[in-house]
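Subject: Structure for you to look at

Hi,

Here is the structure I promised to pass on. Please open it first, then read my notes below.

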Amino acid sequence: MATPVKRIEKDFLLKVLYDEQIPIMYLRDRSEYTLIMDRPAKAEIFLKPNRTINRLKNRSKMDLMFDFRGQVIIFTIEISSLKNGFIIANAPELLYKNLVRSYSRIDAPSDIKVQFTFLGDRYKLSFPKVAEYESGDIGDFVRSLDPKNFSGLIEQMALWVKGYASDYKMVIFKDVKPSTTEERIIAETGKTLFLSSTEGTFPTVDPYPRKRLVTNDMFKRYLESTGVDLTFVDESASRFFRAKLDNGIFSDLWVPILFQEYVIGYVHTWINQRGKLPFDYTVIDTLYQFAKVLAYSLKINGYFDQGKLANEPFEGKVIDISASGLLFAYPHSGLASALLPDSELLVKLSTEKRAVNTNARIARRFQDKSHGYYGCHFLDMEPEDMRFLFEFLYGKPFTDTDATFLAGQV
């Protein structure tokens with residue numbers, strides 16, 4: 001992950017740029033420029049390019065990079081003035097190392113057209129939505145199940161539950177809207193409620209790489225959002241746990257059933273027998289897989305078909321692009337709300353010479369008042385397409401040396 005360097009290291013690197021006259025690279029319009037720091041960095045920096053860079057102006061931003069002893073460092077400046085061939089800017093606040101981005105990003109060339117299409121079917125449904133995308137990958141778990149037989153899946157899940165729990169309940173939100181505290185927090189977060197013991201609390205830490213659980217802090221924030229005064233949050237949480245114990249529930253688990261960005265329901269299972277082993281993470285993992293197979297079964301049996309959307313290509317405004325991905329903007333809309341992290345797109349990059357078709361996965365998103373911004377990583381691009389795109393974007397042949405430098409893994 002790209003890491004900002006600490007202040008002392010930043011000051012040292014800026015000093016070395018001048019003392020050792022380390023070349024700084026700037027890529028623009030398929031051309032590579034080299035800049036040298038002309039005087040020691042103070043509040044401002046003075047950069048001298050090796051040749052004229054057209055169309056620069058005050059307040060233009062420049063993404064720059066340099067190689068310091070095998071480590072690629074990047075930073076961004078905003079031009080404050082252009083005088084006598086010098087580029088003058090405030091000294092950068094941050095420098096970054098340990099780059100995640102595989103290749104250097106540049107402003108999108110004006111002669112490239114980019115078109116996107118969702119991969120797979122998309123839906124507009126009346127279920128609660130969350131801000132994450134569930135891919136629906138059911139992996140090896142399905143090998144022992146028949147996903148076409150929905151009632152059979154329920155029977156197999158019920159049989160499995162008997163080995164670990166006292167009973168279970170499955171709810172689909174189509175006919176029943178979220179009303180209890182547990183249902184509302186599941187619908188809002190798409191995460192699992194797990195109480196190994198109702199004499200304890202929710203987990204303080206979520207051990208899953210892709211966060212899956214309602215933690216104790218998350219639950220308290222939810223209580224605050226419902227109007228509980230901060231002073232009484234701990235007391236309210238304690239009452240919630242105590243009520244379960246008073247009702248004879250000793251271990252409790254609520255697993256959402258997720259379909260793409262929708263929470264379509266949940267499976268609730270519990271233990272109300274003294275002496276029975278409490279739920280653990282193994283139980284969560286298995287029930288989570290059952291929930292994914294249930295959602296997949298509903299899909300292939302046509303349960304969501306009435307909400308299926310026409311999968312038409314769309315265009316977004318490409319902000320910047322590299323040989324490994326791009327950042328694009330799209331106005332807030334129903335379509336934009338479906339552009340979630342981990343959703344995949346077919347991307348067509350058209351130039352005068354050829355078109356490149358590749359898949360891309362949305363890795364991150366952020367937004368302002370009018371647009372969403374989506375950072376995508378290209379997937380499994382053909383080597384010939386990679387070479388063409390590299391040479392088109394950077395205006396030079398694709399060599400091992402260049403690829404290593406631009407990859408930030410020198």
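I start at one helix. Helix α4 is followed by Gly 227, whose phi is positive, near 105°. Helices (H or I, at least four residues) and strands (E, at least two) are DSSP runs, numbered from the N terminus.

Before you go further, two notes on the source. This is a predicted model, in which local features need pLDDT of at least 70, side-chain atom pairs count only at pLDDT 80 or more, and totals for chains, interfaces and linings use all residues. Residues are numbered from 1 along each chain as its sequence is written, and side-chain values use heavy atoms, with hydrogens and water left out.

Back to α4, which covers residues 216–225. Its buried residues are Asn 216, Met 218, Phe 219, Tyr 222 and Leu 223. Buried means under 20% relative accessible area, exposed over 50%, and partly exposed in between (1.4 Å probe, protein chains only). Seen down the axis of α4, these buried residues fall within an arc of 160°, so they line one face of the helix. The arc is that of the directions from the helix axis to the C-beta atoms. Arg 221 and Ser 225 are exposed, on the face turned away from the buried side. The cover over the buried residues of α4 includes α3 (181–189) and α5 (233–246).

Now the whole chain. The protein chain has nine helices and 19 strands. Its C-alpha trace spans about 80 × 50 × 35 Å along the principal axes. Of its 410 residues, 47% count as buried. Among contacts with a separation of 6 or more, 65% come from residues 24 or more positions apart. A contact means heavy atoms within 4.5 Å.

The protein chain exposes about 21500 Å², and carbon and sulfur atoms supply 49% of that area. Accessible areas come from the Shrake-Rupley method with a 1.4 Å probe; for residues, only the protein chains shown count as cover.

Next, charges. There are 54 positive and 53 negative side chains, and the centres of the two sets lie 4 Å apart. Lys and Arg count as positive and Asp and Glu as negative; His and the chain ends are not counted. Each charge is placed at NZ of Lys, CZ of Arg, CG of Asp or CD of Glu.

How many salt bridges are there in the whole structure? The search finds 16. A salt bridge is a side-chain nitrogen of Lys or Arg within 4 Å of a carboxyl oxygen of Asp or Glu.

- Glu 78 pairs with Arg 59, with the closest N and O atoms 3.6 Å apart. Glu 78 lies in strand β6 (residues 71–83) and Arg 59 in the loop between β4 (44–49) and β5 (61–68), so the pair ties together parts 19 residues apart in sequence. Glu 78 is partly exposed at 34% relative accessibility, whereas Arg 59 is exposed at 66%.

- Arg 239 pairs with Glu 235 at 3.1 Å between the closest N and O atoms. Both lie in helix α5, four residues apart, about one turn of the helix. Arg 239 is partly exposed at 43%, and Glu 235 is partly exposed at 45%.

- Asp 252 pairs with Lys 244, with the closest N and O atoms 2.7 Å apart. Salt bridges that share partners join Glu 182, Lys 244 and Asp 252 into one network. Asp 252 is buried at 2% relative accessibility. Lys 244 is buried too, at 10%.

Best wishes
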